[in-house]
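I opened this model to look up a few spots. My notes are below the display.

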Amino acid sequence: MGKLCEAPYNKTVDWAKWYIFWADERVVAKNHSDSNYKLAKDGILSKVPIVPSHVHSINDSVSAEEAADEYMFVIRQLVKTRMVSVSDISDCPKFDLILLGMGPDGHIASLFPNHAVLDETEEWVTFITDSPKPPPERITFTLPVINSASNVAIVVTGESKAEAVHLAIDNVEPNCPSLPARLVQPTKGKLVWFLDKPAASKLDDLQFSE
């Protein structure tokens, strides 16, 4: 993404067409070091001419539950006006691209292993207050929204995540733990994994091309 801040992309990309959302966010102040908004702003949003009103971040001054409800309302309004597309097989928003990372435990967004939010099918955005990874309060897109996207990209680096990558991608025994990342299966979209060599080191039938 950082490359988009550089020539020639910073001049050739039609930034007016970009609408930015967060698939998950920590319920902290926007200037807090744990804020995903701050990470995105410092890394790219402050360096390119994206229309400010097209950047949709959470309300960081309310509870996690209220922040999730407000965020879902914002997205619903944008779906109503078709600023955000809607899935033709569900009522979920259909984002052009959802960009995710993955933790060593296989979590994506703020959907953690064995957590009740993995079973959420009614809400587009939900919240947790007991994240196993600090900070504890977060909002997150639910699996139906993630799986309604046109494109999902999962970016993973580092040897510490190699086992989770293996469990998420390879054909494994039925008694192996089902990781949240394995549940990312776009219904009518495309899923692409971007891995460095250490993260990919435990994949079956691994082949590298230079």
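These entries go from one histidine to the cysteines, a helix and the open spaces.

**Ground rules.** I am working on a predicted model, where local features need pLDDT of at least 70, side-chain atom pairs count only at pLDDT 80 or more, and totals for chains, interfaces and linings use all residues. Residues are numbered from 1 along each chain as its sequence is written, and side-chain values use heavy atoms, with hydrogens and water left out.

**H54.** I looked up H54 and found it in the loop between helix 2 (36–43) and helix 3 (64–80). Helices here are DSSP runs of H or I, at least four residues, and strands are runs of E, at least two, numbered from the N terminus. H54 is buried, at 11% relative accessible area. Buried means under 20%, exposed over 50%, partly exposed in between (1.4 Å probe, protein chains only). I then checked its partners. The H54 side chain makes a polar contact with the side chain of Y19 at 3.2 Å. It also reaches the backbone oxygen of A16 at 3.3 Å. A polar contact is a pair of N or O atoms within 3.5 Å; within protein, one must be able to donate a hydrogen and the other to accept it, and residues adjacent in sequence count only if both atoms are side-chain atoms. Leaving out residues up to four places away in sequence, H54 touches A16, W18, Y19 and I20 (contact: heavy atoms within 4.5 Å).

**Cysteines.** I count 0 disulfides, a disulfide being a pair of cysteine sulfur atoms within 2.5 Å. C5 is buried at 15%, and C92 is buried at 6%.

**Helix 5.** How many of the residues of helix 5 (residues 162–169) are buried? I find 6 of the 8, so helix 5 is largely enclosed by the rest of the structure. The buried ones are A162, A164, V165, H166, L167 and A168. They pack against strand 7 (151–156), strand 8 (190–195) and helix 6 (197–200).

**Largest pocket.** A pocket is an open set of points on a 1 Å grid over the protein atoms alone, with protein on both sides within 12 Å along at least five of seven lines; lining residues have an atom within 4 Å of a point. I get about 1500 Å³ for the largest pocket, the volume being the space filled by probe spheres set on the points, which are joined across faces, edges and corners. Its lining has 40 residues, with F21, A23, I98, L99 and L100 nearest the centre. Strand 1 (24–26), helix 2, strand 4 (98–101), strand 6 (138–141) and strand 7 each give two or more residues to that lining.

Terms used:
On a 1 Å grid over the protein atoms alone, a cavity is a set of points where a 1.4 Å probe fits but cannot get out, and a pocket is an open set with protein on both sides within 12 Å along at least five of seven lines; lining residues have an atom within 4 Å of a point.
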